[in-house]
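Dear colleague,

Please find the structure below.

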Amino acid sequence: MARPSRVVIDRNALKHNFSRVKQLAPNSKVMAVIKADAYGHGIERVAKTLDEADAFGVAMLDEARQLREAGIKQRIVLLEGPHRADELTDIQSLNLEPVIHHQSQLDMLESNNNLNDLQVWLKFDTGMHRLGFLPEEFESVWQRIQNCGAVNNTPRLMTHLATANEAEHPLTQKQLDCFESITQELNLEKTIANSAATLTLNNTHVDWVRPGLMLYGVSPLLNADANEHNLKPVMTLESALIAVKNLKAGESVGYGAKWSCPEDMQIGIVAAGYGDGFPRHAKTGTPILVNEQRCELIGRASMDMLCVDLRKVNNAQVGDTVTLWGKGLPIEEVAASADTIPYELLCGVHKRLEFVEVV
Ligand SMILES: *Cc1c(COP(=O)(O)O)cnc(C)c1O
């Protein structure tokens, strides 16, 4: 038997979630964010499925090149812009749109005489304090852009929110006010919203929304579940029981003998572990489905295997299907139980797994 662990990608769910973005922000164009291999889902597969996206957002040139080589025609935005001056040649020839967030990138643009008419996205730091020009740099940046032969004179304007996933966080309004004060006079296209803002802050939708996580059917909101927003999980991480055994009260399970049976009981061994991307920090009690019945992780996951408590499962057998997250088991819950966030789990799915598409 081939090792049963696999990643199932539901392309219909992806299309459904995209249509939810359109419902929520009907007057905005959509930049689908597909960095980090489309949050672990496969960048080409996701780009081809989301053929209605107006643009794709990626983090680096190689991702953009892969998309162009796969025949993707939409706009592609490099969310961190050029990392080195020599990337600009490819940026022009592949028709990419870099975010420009730092003076050093303006220097690169100004010192390159072979560029013309690049579409750039100027990013402002309105309070997240990661990438972007500070508000007080605006005048000088604007002058340099207007005088720069490499770029066209209609840059798009963007900012990124630090706390959109927390309802009523005061920083959000502060950032919105700051962005408004910098950009209100300029009749240029603007973008603010990530998934959290697309879901909950209509006033941030403006010309373009930039959803990532919600496209994959996962909620970025604190204490929220994706169902509530009518999002459907795209990725299901599946495996199977490869052993079932009956142990006596007091017998320990796994490395370090950290966990012991509180009573005579049945446990199952699942062919998935941290070598596949299941978090080693998941705590005992992390939910797992065996034959769609909810049970619990016991002890720490090992590299290729983990153990489940089968006391709540009827008639478990070797070969039974196990769901680690996805359909029937929200990844938000698994992430919370491992002190992490769904983003990290999705990106961490290992490429050694078989990927299977269902349509
Ligand atoms: C990753 C990213 C997004 C998407 O964020 P989600 O929380 O996944 O929706 C949007 N904008 C920028 C600049 C990003 O880096």
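Predicted model: local features only at pLDDT ≥ 70, side-chain atom pairs only at ≥ 80, totals over all residues.

Residues are numbered from 1 along each chain as its sequence is written, and side-chain values use heavy atoms, with hydrogens and water left out.

The secondary structure comes to 11 helices and 18 strands; helices (H or I, at least four residues) and strands (E, at least two) are DSSP runs, numbered from the N terminus. The C-alpha trace spans about 75 × 45 × 35 Å along its principal axes. Of the 359 residues, 54% are buried (buried means under 20% relative accessible area, exposed over 50%, partly exposed in between, with a 1.4 Å probe and protein chains only).

The largest pocket holds about 940 Å³ of space. A pocket is an open set of points on a 1 Å grid over the protein atoms alone, with protein on both sides within 12 Å along at least five of seven lines; a cavity is a set where a 1.4 Å probe fits but cannot get out; lining residues have an atom within 4 Å of a point. Grid points are joined across faces, edges and corners, and a volume is the space filled by probe spheres set on the points. Among the 39 residues lining the largest pocket, Lys-35, Tyr-39, His-160, Asn-194 and Tyr-343 lie nearest its centre. Helix α11 gives the most to this lining, with four residues.

The second largest pocket has a volume of about 360 Å³. It is lined by 19 residues, and Gly-254, Tyr-255, Arg-300, Ala-301 and Ser-302 are the closest to its centre.

There is one cavity of 30 Å³ or more, and the largest cavity has a volume of about 40 Å³. Its lining includes His-160 and Gln-175.

Gln-175 also belongs to helix α8, where the buried residues are Thr-172, Gln-175, Leu-176, Cys-178, Phe-179, Ile-182 and Thr-183. They lie on the same side of α8, because they cover an arc of only 165° around the axis (the arc is that of the directions from the helix axis to the C-beta atoms). Pro-170 and Lys-174, on the other side of α8, are exposed. The buried residues of α8 pack against β6 (121-124), α7 (138-146), β7 (156-159) and β8 (190-191).

Yours sincerely

Technical notes:
Contact = heavy atoms within 4.5 Å.
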